[in-house]
Amino acid sequence: MNVRNAATALVVLLATALLFWPDSGDQEEAVPAGRKEVIFWHFWGGDDRRVVQDIVARFNRSQNEHFVRAIAMPGNNLDLKLFLAVTGGRPPDVINQDDPIVADWAARGALMPLEEIATQQECERLREWLFPAAVDLCEHQGRLYGLCNGLDIRALYYNNTMLKKYGLTPPRSIADLDRIAEKIPANDLPANARPGGGNGGKRIRFGYLPDARRLWAWAIVFGGRWTDDHGNVVLDDEANIRALQWMTSYSRKYGPRTVTAFRQGDQSLPGKSFPLLAGRYAIVMDGQWRTRDIAAAQKRQQAQGQPVTEYGVCPLPPPPGGRALAGWVNGNFFLLPRGAANSQGAWEFMKFWSGFDGHEADAAQTCAEGGWIPVSKAVVDQPRFQAFLREQPLFREFVALAAEPFQKPTPIVPGAPFLYREVVSTAESAMYEDDPPAARVLLQRASENVARHLKRFNRRAATP
Amino acid sequence: MNTGASSTRRRHSGRIVTALLFIAPWALGFLLLVLYPFAASLYWSFCEYDLLSPPRFVGGANYRRLAHELLNGEGFGRAVWNTAYYAVASVVLSVLAGVGLAVMLSWKVRGQAIYRAIFFLPSVVPTVAAAVLWMWLLDPGGGLVNHWLTAVGLPAPNWFKGVQEALWPPDWWSGRAAFGSKDALVLMSVWGVGNFMIIYLAALGDIPKSLYEAAALDGAGNLRRFWHITLPNLSPVIFFNIVMGVIQAVQAFTQVYLVSEGRGAPAESTLMLSLHIFLAAFQNLEMGYASAIAWMLFVVLLAATAALFHSSRYWVHYQGGSP
């Protein structure tokens, strides 16, 4: 055997040994004797995963009957994995989701309603206990198909330092918001500077700029609705049309191409930082998770001896005849796949996490550590969470909004993923095309598309 | 005599068994992973099927829906238009760029091998990495491409975020035409033209030198030699690359998914057929409808390839006559 052959043989041997080397680094913890395993699928990563692992550990310590095993997987194919698992008869016991799929999956028979695992009395108490938005997110045809464990609320963040500089105050109406958008200058050049001089007269900021995806929120604020009293989808509700017309007025004023380019620029900021912190806007709509970014940025400014920029949060301002304290809500919720082996254990874990039935203090700790909005006032009132709110005053505004009745989710109807994409695409057409059809025409067209989709869905569901 | 014949037969059948055993893994894989899904998707295209309950036969309902959407320009119709735009533009530009680069890279100049490697490099970059790279390069606000365009006084398009289409309607003279999301995808595909270029280069090397010498003796200039010798001799390879290019363009998914937020954004301007199939199957759980689109895609590709083969007799020239 020559040297080359010997070397090749050695490499092959080493590769084979590595391939079959026992995996000692990530061994699963065994289920303690006498306890039943609860398989829990979720999609949290990064810092959030650490919080999840901590909750699971706390639950497991508190139990002598069930043992939760958390399995993290990529969110974009969790759905498909679940369907294959349900079809194959071995679904997980509980999963966590944040897409508007409850009615869609429930209507297909993939989910078990809570009424089948909890008593009638327990379900009634749960409805009373939850914020209205947390009930809305999981309710389909009068039954709860999931338990919400955290809400996501949108509000307006404003740069108060910038507003004060131009003699403005936080918006209390749509007219105020329009005035702010008008008054905040596009750049820092003197008003009489020639275009092309200095920074080229280039726009470096907007006072405010609507985002196509936020039609979900503005439509509710304008007094609109997505479904009528019979559950029919009515995207072309008059108030929805007015909301889209108002959003489109910005792209008509500044030009759709300018608006698109500026919006895209938000995403290319280093580390995708919050564009409000980069000074690109005076006002931005976003969720409660940005309060951490703001606190960190202020701390950095303080440490560097710079003047600390003042930020604030306010509800979405309504137009005349619109709704105050309204908006779009979504959140995370637990779902019980039908056919799971240990739904009872899953139910205990869901209650522990969300705080229902005596677990309020545990949930308060979870929400404070994760920076999540609780789903019940009972959790908000816990000392641990109140302490968190004292540290994060901006967060308090979001928590206050969570209890409001007109924080509405994407309609919980079958075919909601299709509906969601249709509404966002319609708003994008209206705002970003050069010569789009009128907002009314676009929303009517979208409404017809969704109605056709739902008709197909219902026909399928009605056929045995 | 008889013993000899039966022994030969035994040996023969033994060889057949051995051969069958050798091809068994492939045959099994083909049957289970190719033929079965192929046949199953054809059946499902006539069914309503949501993965969670058994397929239910609905006749031609899915195909009628496709026809309706095609006529109204919604859903499938939109995807067909987007795909056709992308396929035609990217294939035409890939042929032009591929032939042009190959001809230039065939010139005997110092550093020829390095130039060839440089132009081939993009085609070995993984699609995901290339898509992310181009999203940065073509960022409307801070991208390098718009920075350069602005520096030389040209308008800065919105690229992946624009709903505009530069090539249709053809109104460049109005000053309103602008590059949009599909044009950016076309640009990205032309950047990866290295694979086709290598094939053109190989074909260029096969063209007999005597043809160029004869043409030179007859007084033909560079342009005439290119037009009357190079192009006709390259035509079989151009034909092959067009067929392969159309198939690749129509099946483009990864880069489309990445640049379009996985939903054909903005405003469905990047909703290609492959993405439409994905959304229908795995988000709307309409596996039957998705199968029908896949079959229409197959039929369209078959028809396009057949049409290309049919047209090839008029413009493809094989040395020594037709193959």
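Pro266(B) lies in the loop of chain B that runs between α11 (254–259) and α12 (273–282), where helices (H or I, at least four residues) and strands (E, at least two) are DSSP runs numbered from the N terminus. The peptide bond that joins Ala265(B) and Pro266(B) is cis, with an omega of about -5°. The model is a predicted one, in which local features need pLDDT of at least 70 and side-chain atom pairs count only at pLDDT 80 or more, while totals for chains, interfaces and linings use all residues. Residues are numbered from 1 along each chain as its sequence is written, chains are lettered from A and ligands numbered from 1 in the order in which they are written, and side-chain values use heavy atoms, with hydrogens and water left out.

Chain B has 13 helices and two strands. Its radius of gyration, taken over C-alpha atoms, is 25 Å, well over the 20 Å that the globule rule (2.2 Å times the number of residues to the power 0.38) gives for 323 residues, so chain B is more spread out than a compact globule. The C-alpha trace of chain B spans about 85 × 60 × 35 Å along its principal axes. Of the 323 residues of this chain, 42% count as buried, where buried means under 20% relative accessible area, exposed over 50%, and partly exposed in between (1.4 Å probe, protein chains only). Among contacts (heavy atoms within 4.5 Å) in chain B between residues at least 6 apart in sequence, 63% join residues at least 24 apart.

Cys138(A) is accordingly in no disulfide, and the nearest cysteine sulfur, that of Cys148(A), is 5.2 Å away. Cys138(A) is buried, with a relative accessible area of 0%, and Cys314(A) is also buried, with a value of 8%.

Note on methods. A disulfide is a pair of cysteine sulfur atoms within 2.5 Å.
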